[in-house]
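Let's take a walk through a protein model together. Have a look at the sequence and the structure first, then read on.

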Amino acid sequence: MSEQYEYVPHRLLRRRVRDIASGVEGVLMAVINENVSDDIDYEHWTELAYIRNASGREFTTAVANVQPAYDHPRTAGSRRDGRSA
């Protein structure tokens, strides 16, 4: 396999994202168009997203699996301001 790759710009770089395949959230560190073929005569290129999770480990997923991670909605308990009714 040849060691060929190129960085691809992405609107969510350095932002918090979620991998919809695994449900894991992290920061999108890079998107790379990478030759993933084992065959010398045939090249197969794919875009991989590199996401760094909370523990600092990076994992890859298909770019199509990346979506922005929004803050979770607040629950009724967290909206209370401490005053009694």
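We'll begin with the whole chain and then turn to a few residues.

Keep in mind that this is a predicted model: local features need pLDDT of at least 70, side-chain atom pairs count only at pLDDT 80 or more, and totals for chains, interfaces and linings use all residues. Residues are numbered from 1 along each chain as its sequence is written, and side-chain values use heavy atoms, with hydrogens and water left out.

So what is the chain built from? The protein chain has 1 helix and 6 strands, where helices (H or I, at least four residues) and strands (E, at least two) are DSSP runs numbered from the N terminus. Reading from the N terminus, the order is β-β-β-β-β-β-α. Of its 85 residues, 28% count as buried; buried means under 20% relative accessible area, exposed over 50%, and partly exposed in between (1.4 Å probe, protein chains only).

Now find strand S4 (residues 45-53) and its partner S5, which run antiparallel and are joined by 5 bridges. Strands pair if DSSP finds at least two bridges between them. S4 and S5 make a hairpin with 4 residues between them, and Gly56 in the turn has a positive phi of about 95°. Across the pair, Leu48 stands opposite Ala62 in S5.

Thr61 sits in strand S5 (residues 58-62). Is Thr61 buried or exposed? Its relative accessible area is 7%, so Thr61 is buried. Thr61 touches Asp19, Glu47, Leu48, Ala49, Ile51 and Val66, leaving out residues up to four places away in sequence; contact here means heavy atoms within 4.5 Å. The side chain of Thr61 also makes a polar contact with the side chain of Asn65, at 3.0 Å. A polar contact is a pair of N or O atoms within 3.5 Å; within protein, one must be able to donate a hydrogen and the other to accept it, and residues adjacent in sequence count only if both atoms are side-chain atoms.

Over in strand S4 you'll find Asn53. Asn53 is partly exposed because its relative accessible area is 22%. The side chains of Asn53 and Ser55 are joined by a polar contact of 2.8 Å. Leaving aside neighbours within four places in sequence, Asn53 is in contact with Val24, Glu25, Gly26 and Phe59.
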